[in-house]
Amino acid sequence: MQYFLRRVLINIPVLFLVTLVIYLLINLAPGDPVDFFVNEEIGITKEDLDFVRERYGLDDPLPVRYFKWLGQVAQGDLGFRFKNGDDVAEVLAVRMRRTFLLMGTALAIGIVVGITLGIFIGLRQYSIWDFTLTGLSFVGISMPAFIAGIFGLYVFSVKLGWFPSGGMRTIGKPESLLDLLYHLVLPAGTLAIFNLATFLRYTRFSILEVRGEDYVRTANAKGLKPPAVTWRHVFRNALLPVVTVVGLSLPTLVAGALFTETIYSWPGMGALLVDAVAARDYPMVMGIMLVTALVVLTANLITDLAYAVADPRIRYT
Amino acid sequence: MFRSKILGLVIVISLALLVACAAPAAAPAAEEAPAESEEQMASEDGEVEQVLIGGFDVGPGGDPQGVLYNNGAGNVWFVKIFTPLIIMDSTFSNHTSEAALAVSWEPNEDATVWTFNLREGVKWHDGEDFTASDLKWTAEFVSAPQAAVTHFGISQPKQIVGWTEYNAGEADEIAGIRVVDDLTLEIELNIPNPRFYDSVRGFYALPEHAINFEPTEIFSSDWWFTNPVGTGPFKFDSYEKDQFMALAPNELYWDGAPELDQLINRYFVDETAAVLALESGDIDFTYVSADVASRFAGNPDYQIFSGPSFVTNMFNYNFLNEPWSDKRIRQAFMYGIDRASIISDVFNGTAQATPCQDPYPTFWPEDANYYEYDPAKARELLAEAAADGVTLEGVNLDIPTYYTSQLAKDILTVMQANMADVGVSVNPTFLDVPTWRTVVDDNASEWNIAYRGAGGGPASYSPIWYVADNQWGLDDPNYVDLFAAMDAAQNADEYRAARTALCKYQNEEATFAYWWVSTRYGIATVDIEDFHYFPAPGGGPYVDRSQDWNMK
């Protein structure tokens, strides 16, 4: 508990520094929200633009704007979007929920199927299964997300008509869990390919490494049955590197996946961040970054704690 | 044992979170739009409902999930719910304005007072009568000092008597907008303008009685997405943020209720997703780029709509820097770039060369110089200028542009190769709009050429690029005279002659490098009958008679 509290306290200044750096970076980017608003093909004078900047408080010095924002955040107010006046906290809540569903499903499929298959081929090195699944995992890891997305959409929606072409629900029908899952299959499946391939490869490698350890040979030599050796000695020890990779994947649960969200019209966090940056929507960018930083720090903490669960030898004080 | 329990707990919590995220959300108050149940959607007489789903915000004319009076785009969708004072004809081909809320309009003798006679029997979606007072109220609502509206529908508002004072908070009303009676609106200008009608094409009416927010909340109010009330052929039905807005027929529409039972605008982040949705049959219409349109050509399942963008793509030169005041340098670019090949090979013929900045062929002089590709002539002009000490040596020849499509990259790559052939090394840079504006608008002395688009109306032509205080230092008194002649024109023939003279002068001087007007496309399935789409700048507004659209 003491370790846990210490880590949480250390994270507070880290979080402050992250917001400061991000705020500086986004404000260093050329242009501002007013530059984005204006349709370049319509003539508009500089005076008109300056007028709008003044209305939005964009003429204040950078430090003043940062501390105004920080003061708001300290009171639990993330502000409003420049682009359309939406409440940043509300937008984040809605978008995170959608992204968590998409990325969580993909991650869950990746973990369950990837680790299972990784163990399966790790115990059957150089078999036909090993060659086939290892080869396929190369494809899964190498294929860019936008290619996999367009390919999946073209084959399963345009050509076969098995799944919808995107969105989160069938327009014109009442919302239902079944309809949502129907729309989730393709985007989550696309994202799961990468997760699955990654976890499969890590697990296979880890299993093979542990199987060569002395304590496994000892366990076999003392006459333990193979399933007991596998589950008690090989699997538990092989799990540690896999836990690290899973931990590193956790931030994607809120960060989202830009290409997949875009191609499947899944309005999540990835597309939101790109939209916010393009529009120089400072409050929205800062809101996303704040939440993402929080999740990264939390995920790191959870991963460290998970080591202790996976390996009884690890103790934190 | 303890660790196993923790692991199990983590798994259970994770699954619970996933399930919670998957459960349909309770609509927040702002989104309690009445999405009808399936039973409600089935028509009472048992007929199959006619539902048209389109990507109406896709493409350069769209304003994704935007609101009226924002940045001048999105009219394809807005005009279904709201109605402008007057409207452009269906293809812009005649460059005429047609009746919308106003059935006729006429100026006084010196064109300083315009009288708009409004249509009788127009009702708001909630049944209230539309009157001239709504128009005056709308103008004042969106011009309020706190509103910070960059584009509010009247393109030259400063011409209206009292607008500037009202906008600055120094007056309680716009004195120049007067309600004569319920069906007559008068607008007084501080200068004569015989073509003022063209400036009010985007001036939509808002209902004073149904607006429950302040001018400061124009961009943040939920009203636009939960209960917008207009006078258009369709009325609000339901909305799901980031996903779609659905409209129902307005039974009170003055020209008869629409035939469709539902018109839905589905939101897409990019064009590829919209095209795949069209091909999979999930939507019935979307904007598409030229290369995609060619893929659909000849396919009997789709109908293709096309038209000029009425946006001239051009090189903007920066006259604040030395070489650009020399006409030979400017003309060298015209001769050095193989425009015809770019149009035929890169655009696949889907663009039209333009002699000047004016995108409307009506105003192009018959004897215009189209600067046929002549690299030898370009080299000769550059050499002549160099002999007089005017050279591009050491000049920053980056070409910043906010066009970032593959088509734009291909075009500028060809231009780069062409100019390299005549010994000029240019470097296209592809930027997002805010960055581009910073480079071109805020660092006036640091850039030299910018690739951009320029639009405009057929009866109005903003002089801000060519006369006093333009940001690129162009100082040519001839332009002052040419624009003054246009302003002074008292009838259509005089105006056409004056505007053609302006085009001729731009063409001869090659003040900027005017390249082309591209063609834009929309694709609809053949299941839609009597459908009309025109890729107008900003989406129009133009006459589309959506009340006649129906599904086979």
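The expected span of a helix is 1.5 Å times one less than its number of residues. In this predicted model, helix α15 (residues 492-509) of chain B has 18 residues, and the distance from its first C-alpha to its last is 26 Å, close to the expected 26 Å.

Several residues of α15(B) are buried, among them B:Y495, B:L502, B:C503 and B:Y505, and the list also includes B:R499 and B:E509. The elements that cover these buried residues include α9 (327-336), α14 (477-488) and β17 (513-525) of chain B.

The largest nonpolar core comprises 168 residues. B:F116, B:L206, B:W224, B:F315, B:F333, B:Y479 and B:W516 touch the most other members of this core. Leaving aside residues up to four places away in sequence, B:W224 touches B:V67, B:L68, B:F82, B:L206, B:F213, B:I218 and B:M245. A second, separate core of 35 residues includes A:M168, A:L191, A:L240 and A:Y307.

In chain A, helices α5 and α10 come into contact. Their axes come within 12 Å and cross at roughly 145°, and the crossing is right-handed. The residues that make the contact are listed below.

| Helix of chain A | Residue range | Contact residues |
|---|---|---|
| α5(A) | residues 88-122 | A:L107, A:I111, A:I115 and A:I119 |
| α10(A) | residues 226-249 | A:W231, A:F235, A:V242, A:V246 and A:S249 |

By class, the residues of this contact comprise eight nonpolar, one polar and no charged. An α-helix has 3.6 residues a turn, so residues three or four places apart point the same way.

Methods:
Residues numbered from 1 in each chain as written. Chains lettered and ligands numbered in written order. Predicted model: local features only at pLDDT ≥ 70, side-chain atom pairs only at ≥ 80, totals over all residues. Heavy atoms only, no water. Core = buried A, V, L, I, M, F, W, Y, C linked by side-chain atoms within 4.5 Å. Buried < 20%, exposed > 50% of the residue type's maximum accessible area, 1.4 Å probe, protein only. Contact = heavy atoms within 4.5 Å. Axes fitted to C-alpha atoms, helices over the stretch in contact; angles between N-to-C directions. Helix = DSSP H or I, 4+ residues; strand = E, 2+ residues; numbered from the N terminus. Left-handed = near helix turned anticlockwise from the far one by under 90°. Nonpolar A, V, L, I, M, F, W, Y, C, P; charged D, E, K, R; others polar.
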